[in-house]
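Here are my notes for someone meeting this structure for the first time. Please read them with the model open.

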Amino acid sequence: MNNILAIAKREFLATVATRAFIIGLLILPAIIAIFALAAPRLFSQKNYQIKGEILVIDSTGRITPKLQKTFDRETIAARREEEARKALSNVPPQVRQLTGNSINKNIVSELGPIPEFHIAEMPANSDLEQAKKWLNVQPKDMPHLALLVIHKDAIEPASLENPVYELYVPPNFDDRTDNEIQRGLREAIVNARIQARSIDKSTIFAIMNFPSAPSVTVTQNEQRQTVKGFNIMLPAVFGLLLFMGTMGGGGQLLNSMVEEKSSRVVEVLLSAVSPMELMAGKLLGQLGISLVGMGLYIVLGISLLSGFALLGLLNFSLIFYLIIFFLITYLVMGSLMMSIGAAVNDAKEAQGLMMPLMIVFMIPWILWLPISRNPGSALSVTMSFLPPVNTFAMLLRMTSNTPPPLWQVWLSITIGIGSAYCAIWFAAKVFRIGLLMFGKAPNFATLIRWVRSS
Amino acid sequence: MDAIELRDVTKTFGRTVAVENLNLTIPQGGIYGFIGPNGAGKTTTIRLIMSILFPDSGVISVLGCPSALEAKKRIGYLPEERGVYRKMRVGAFLSFMAELKGVRSPDLIKSIGNLLERVGLGGTAGKKCEELSKGMLQKVQILAATIHKPDLLILDEPFSGLDPVSTKLLRDLILEEHGRGATILFSTHVMPQAEEICEHVIMVHQGRKVLDEKLSAIRSQYNPRIIEFDPLDPNADISAIARLPGVERIDLGDSGYKVLLVDTGDPAEAMHQIINCTTPARLELSRPRLEDIFIRLVSSSTDTTEDRKKLRAGLAHADAKEASL
């Protein structure tokens with residue numbers, strides 16, 4: 001036991017005390033922090049000014065005045081304010097508080113300067129081909145943004161399926177300008193139709209508009225406003241923690257094993273400890289490292305949720321199961337990775353053997369949405385009992401909005417423990433033979449032959 | 001009680017028989033040389049003794065235990081393929097190895113410093129292993145093998161890659177460990193090294209033991225077959241000597257002529273005839289070298305003279321390669 005602890009201690013210190021580990025550990029929170037700080041600036045539209053001329057061929061003769069109105073700067077400003085208000089109603093109250101609970105000028109200004117559209121009209125009988133050539137001439141002070149052809153039946157459509165207008169734009173047309181024109185045009189056509197039917201617009205507005213009430217999540221102890229996306233993000237976050245913890249640990253074990261083998265230190269170690277002590281010590285040491293990383297991320301996650309007063313949304317028993325599933329997956333992944341490390345001669349050979357393993361462990365990620373959206377489906381249930389990916393699939397199901405019954409969870413844990421035992425057994429057999437094997441690159445058939453012969 | 005005992009041990013790798021029905025007894029306190037050319041089965045035997053590999057058949061006992069695994073803390077082992085943790089500091093590496101060998105001493109760090117000082121590596125405890133030269137690392141590895149003062153020290157090709165000064169230092173260390181009471185088994189394919197240190201020699205070839213004798217007994221048992229001589233007149237015609245009965249051939253080396261006798265040749269008669277041919281300035285019977293004994297033992301089962309030449313050339317090549325390292 002002392003030898004196992006000594007090896008574990010060396011493995012732990014050799015990794016934890018390195019600059020690479022500290023950087024690696026902090027890199028994810030750092031990337032998230034940088035993204036959170038930089039994203040508003042990166043995606044800010046503050047510096048994007050839409051300015052230019054729209055040429056209209058209006059066969060109805062009645063929509064262009066409405067367009068003049070909907071493309072008016074004040075109307076656009078009012079429309080943006082309304083959109084910002086709707087968007088804000090979907091975020092958690094704590095985030096809303098940060099904005100002062102009001103749609104101030106800063107939020108609207110984040111959407112960029114108010115566009116400056118100039119509407120020019122052409123007669124309804126104009127030559128369309130000639131008009132299209134207008135788009136290929138681009139004056140610097142007032143670019144030609146779009147040619148809008150409004151059909152005769154735009155106000156009284158003959159069919160609801162046929163488009164009532166055509167929009168022609170120059171090359172390299174920005175999608176933000178496109179959105180802004182389409183939005184204004186739609187509003188102008190609707191306004192023209194309302195007027196044509198002599199309906200009072202405010203009546204329709206009163207019928208159509210009412211604030212949507214946020215759904216309320218009811219938990220055992222309390223009830224609170226539902227945070228949209230939380231039920232989809234939670235499985236992803238838990239899956240990511242499990243994946244990163246086990247993949248990181250497994251990868252480290254493989255690298256350290258390859259290094260020990262290629263630097264020939266392994267035989268020196270085998271003179272002092274048995275192969276099993278070496279394997280157990282390395283597994284234990286790396287487990288400590290992975291737990292440090294995972295513990296840090298869990299504490300960070302809880303602090304973030306607590307900061308936004310969202311802690312009540314998290315079922316703490318999930319963290320207990322996360323750790324159980326992590327231990328199982330780590331033992332499976334770590335043992336297999338270590339057996340590969342013990343079998344190969346260098347890192348390049350390891351890539352070849354690692355690839356199929358990586359593909360298997362990527363399956364739950366491919367199935368993340370189908371499993372978390374439909375946790376009771378035959379696919380989800382099957383995957384949550386199928387080693388070695390059962391732990392990932394079960395965790396996705398548990399963090400979804402319809403958690404599985406407890407007996408399924410514990411059955412999956414039992415299957416997981418069984419698969420961990422098999423993985424360690426397999427790895428131990430490969431380990432004993434592979435450690436001192438040099439020369440020809442091994443493949444899976446070689447590994448199985450070693451297992452049979454040992 | 002014997003330090004090492006092997007009874008009918010056989011180890012195969014696929015169709016290759018690495019060790020075949022090997023019987024070996026090394027008493028406590030002995031200093032044994034395990035010699036043979038590359039690929040003779042020395043490293044496999046040592047790994048079997050160390051329980052790093054396991055025999056297909058046969059029984060192994062080490063320090064009275066049925067497996068070296070039970071006596072690892074009493075064994076010091078320097079493998080042929082030896083390495084260190086390149087990023088680890090020298091002091092930490094030795095301390096780690098000592099811990100694995102069960103050394104629990106509050107003065108460990110201090111004694112590691114003293115040991116390093118003794119082998120000319122004072123002040124390197126804080127350096128990373130990758131900063132040391134190959135020879136310096138070799139010394140660190142030897143310290144790692146002996147740091148726990150083992151009862152049995154097994155060294156696989158310990159002189160490989162060492163310069164003459166380091167070779168002498170290592171030889172002194174081995175003799176010191178032996179003087180302390182440790183049993184020593186070391187393997188080499190460079191026969192003169194074994195001749196300098198060993199009390200007892202075990203020769204292996206193609207997985208089989210071909211000799212297991214005390215060095216003194218070997219010297220008296222194997223009749224010398226080489227006569228060294230220098231003619232008084234450097235221009236004397238020595239071709240007549242080559243035609244003498246019982247003479248196989250004459251080689252001219254740096255230290256003079258070497259007359260190699262056929263297996264049945266009588267050295268006394270040959271020396272008498274050489275004097276009759278030409279007046280010698282120096283004439284002496286060459287001491288039997290392990291290499292010659294090995295060639296003679298192995299080539300007895302070899303059919304052609306060509307095979308003997310190849311075997312000798314192989315050993316000579318190995319020696320030359322070793323010397324150039």
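In which hand does α2(B) cross α4(B)? The model is a predicted one, and the points below start from this crossing.

1. The crossing of α2(B) past α4(B) is right-handed. The two helix axes lie 9 Å apart, and the angle between them is about 25°. An angle under 35 degrees counts as roughly parallel, and α2(B) and α4(B) are therefore roughly parallel to each other.

2. On the α2(B) side, the residues that meet α4(B) are Val90(B), Phe93(B), Leu94(B) and Met97(B). Their counterparts in α4(B) are Val140(B), Leu143(B) and Ala144(B). Sorted by class, this contact consists of seven nonpolar residues, with no polar and no charged ones.

3. The contact between the chains involves 15 residues from chain A and 20 residues from chain B. On the chain B side, α2 (90–100) and α4 (134–146) each supply at least two residues. Of the elements of chain B, α2(B) gives the most to this side, namely four residues. By class, the side of chain B that touches chain A has twelve nonpolar, six charged and two polar residues.

4. Now to the strands of chain B. Strand β8, residues 200–205, is mostly covered, with five of its six residues buried. Strand β3 (residues 31–35) pairs with β8(B) in the parallel sense, and four bridges link them. Ile35(B) has Met203(B) in β8(B) as its bridge partner.

5. β8(B) also pairs with strand β9 (residues 208–214) of chain B. Here the strands run antiparallel and are joined by six bridges. Within this pairing, Ile202(B) stands opposite Asp212(B) of β9(B). β8(B) and β9(B) form a hairpin with two residues between the strands, and in this hairpin Gln206(B) takes a positive phi near 50°. When looking along these strands, recall that in a regular strand the side chains alternate between the two faces of the sheet.

6. A few totals for chain A complete the note. Chain A contains 19 helices and six strands. Of its 454 residues, 32% are buried. Among the contacts in chain A with a separation of 6 or more, 77% are between residues 24 or more positions apart.

Note on methods
Residues are numbered from 1 along each chain as its sequence is written. Chains are lettered from A and ligands numbered from 1 in the order in which they are written. This is a predicted model: local features need pLDDT of at least 70, side-chain atom pairs count only at pLDDT 80 or more; totals for chains, interfaces and linings use all residues. A residue is buried if 20 or more other C-beta atoms lie within 10 Å of its own, exposed if 12 or fewer, and partly exposed in between; C-beta atoms are placed from the backbone. Two residues are in contact if their C-beta atoms, placed from the backbone, lie within 7 Å. Ala, Val, Leu, Ile, Met, Phe, Trp, Tyr, Cys and Pro count as nonpolar, Asp, Glu, Lys and Arg as charged, and the others, Gly among them, as polar. Axes are lines fitted to C-alpha atoms, for helices over the stretch in contact, and angles run from 0 to 180 degrees between N-to-C directions. Angles under 35 degrees count as roughly parallel, over 145 as roughly antiparallel, 65 to 115 as roughly perpendicular and the rest as oblique. A crossing is left-handed if the near helix is turned anticlockwise from the far one by less than a right angle, and right-handed if clockwise. Two strands pair if DSSP finds at least two bridges between them.
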